[in-house]
Amino acid sequence: MITLQKKSLPYALALALSVGVPTAAHACATCGCSLSSDAAMGYSAETGWRINLDYNFINQSQLRSGSSAVGATVPAAINDNNGQQEVEHKTINRYINLGISYTPSPDWNISSIIPYIDRSHTTYGIQGVSTLTSDNLSSASSTGVGDIKLIGSYQGFLPTHNLGVQLGIKLPTGNYGGQTADGTVVGHHPVFFSTGPNASQALDTSLQPGTGSTDLIIGAYYYQPISQNFDFFINGQFQAAVAHKLDETNADYRPGNQSNVSFGLRYEADPKFVPQVQINVTHKSADQGALADTTDTAGTVAYLSPGATFAITSKLHVYTFIQKAVYSQLSGYQLFPRWSASVGASYAF
């Protein structure tokens with residue numbers, strides 16, 4: 001069972017990590033890591049410090065629209081305005097998150113999440129249909145520290161501490177920006193395309209390491225044993241920008257609001273090996289502003305996520321998961337991952 005004494009991961013750190021990864025919104029509205037790492041590691045009210053490190057790999061290689069992949073002839077339809085709309089090729093995301101958490105009492109927790117972004121992106125850019133070939137690809141690499149999150153959590157509502165809420169903030173610490181229609185570069189050290197026809201142009205604003213926005217985060221969770229060996233959990237998070245630095249006329253950008261809901265089962269017959277399955281549902285509204293792709297950044301996705309947690313020692317736990325999309329309803333045309341993978345480790349002291 002998920003008990004307060006046996007499980008050592010502070011719940012708020014894990015819950016925060018489940019919303020702590022920036023989403024590659026322009027390439028896919030809802031393809032950020034949606035895995036619930038709080039459930040992966042097990043909730044806890046144990047006092048003390050904990051360090052968590054996780055790695056997430058997301059390869060957006062499939063072009064989708066609505067609820068299905070598009071066919072080979074669809075790029076012609078995307079480029080239906082005399083070649084004036086971009087046709088994206090692939091985005092590979094590698095996210096590394098460092099979490100530091102402190103639980104002063106069983107009721108409270110504070111945590112910070114520092115993400116490192118390693119993203120490569122290729123696109124055909126604004127070209128005619130006949131030029132959608134490999135020799136006309138433009139590429140860019142976006143790396144660096146992303147937007148840091150600070151989370152405060154409270155789980156003192158019930159004596160069992162199995163119901164909790166959180167309140168947090170995402171800070172605009174990552175490099176951000178873009179390029180206006182007249183070629184003006186705005187923001188703070190934005191990344192540029194390095195090769196292809198788009199070389200020396202700024203990478204899409206939503207693919208930069210940061211968004212330039214300050215976001216409010218609210219969340220809640222509940223877990224309950226349902227038999228001797230099975231535990232059920234559900235949690236939800238909502239994130240919305242409340243201020244954005246890119247706010248000038250014709251050079252503004254606000255990321256869309258995002259909601260995540262996760263639920264699933266953990267099998268805890270053996271505390272050293274805990275297999276589990278999650279359903280992760282993400283909904284994102286469209287980005288807004290002159291620098292946003294407002295038509296191709298909204299959608300809803302559901303993932304099936306099987307995995308397992310391993311107790312290496314009493315203080316060190318690791319987990320690994322695979323995510324597979326089982327439902328998508330995407331606005332416009334978006335790059336989408338056929339699968340994604342997550343691994344993590346947590347150490348208490």
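Tyr-267 comes out as partly exposed, with a relative accessible area of 34%; here buried means under 20%, exposed over 50% and partly exposed in between (1.4 Å probe, protein chains only). Phe-230 falls in the partly exposed class too, at 33% relative accessibility. This is a predicted model, so to speak a careful guess: local features need pLDDT of at least 70, side-chain atom pairs count only at pLDDT 80 or more, and totals for chains, interfaces and linings use all residues. Residues are numbered from 1 along each chain as its sequence is written, and side-chain values use heavy atoms, with hydrogens and water left out.Now for the rings. The structure holds 10 aromatic pairs, a pair being rings of Phe, Tyr and Trp (its six-membered ring) with centres within 6.5 Å; planes under 30 degrees apart count as stacked, over 60 as edge-to-face and the rest as tilted. In one of them, Trp-108 and Tyr-154 have ring centres 4.7 Å apart and planes at 50°, so the pair is tilted. Trp-108 lies in strand β4 (residues 108-123) and Tyr-154 in strand β6, so parts 46 residues apart in sequence are tied together. Strands (E, at least two residues) and helices (H or I, at least four) are DSSP runs, numbered from the N terminus. Trp-108 is partly exposed at 47% relative accessible area, and Tyr-154 is partly exposed at 23%. Phe-230 and Tyr-267 also form a tilted pair, 5.0 Å centre to centre with 50° between the planes. Here Phe-230 sits in strand β11 (residues 230-244) and Tyr-267 in strand β14 (residues 258-267), 37 residues apart. Ring pairs also link Trp-108, Tyr-154 and Phe-157 into a cluster.

On to the charges. There are three salt bridges, each a side-chain nitrogen of Lys or Arg within 4 Å of a carboxyl oxygen of Asp or Glu. Asp-147 bridges to Lys-170, with the closest N and O atoms 2.6 Å apart. That pair spans 23 residues, from the loop between β5 (138-145) and β6 (149-154) to strand β7 (residues 163-170), and both Asp-147 and Lys-170 are buried. Asp-287 pairs with Lys-284 at 2.5 Å; Asp-287 is buried at 0% relative accessibility and Lys-284 at 3%.

Confidence is the last topic. The protein averages a pLDDT of 85, and 84% of the residues score at least 70; pLDDT is the predictor's confidence in each residue, from 0 to 100. Where pLDDT is low, the predicted coordinates should not be read in detail.
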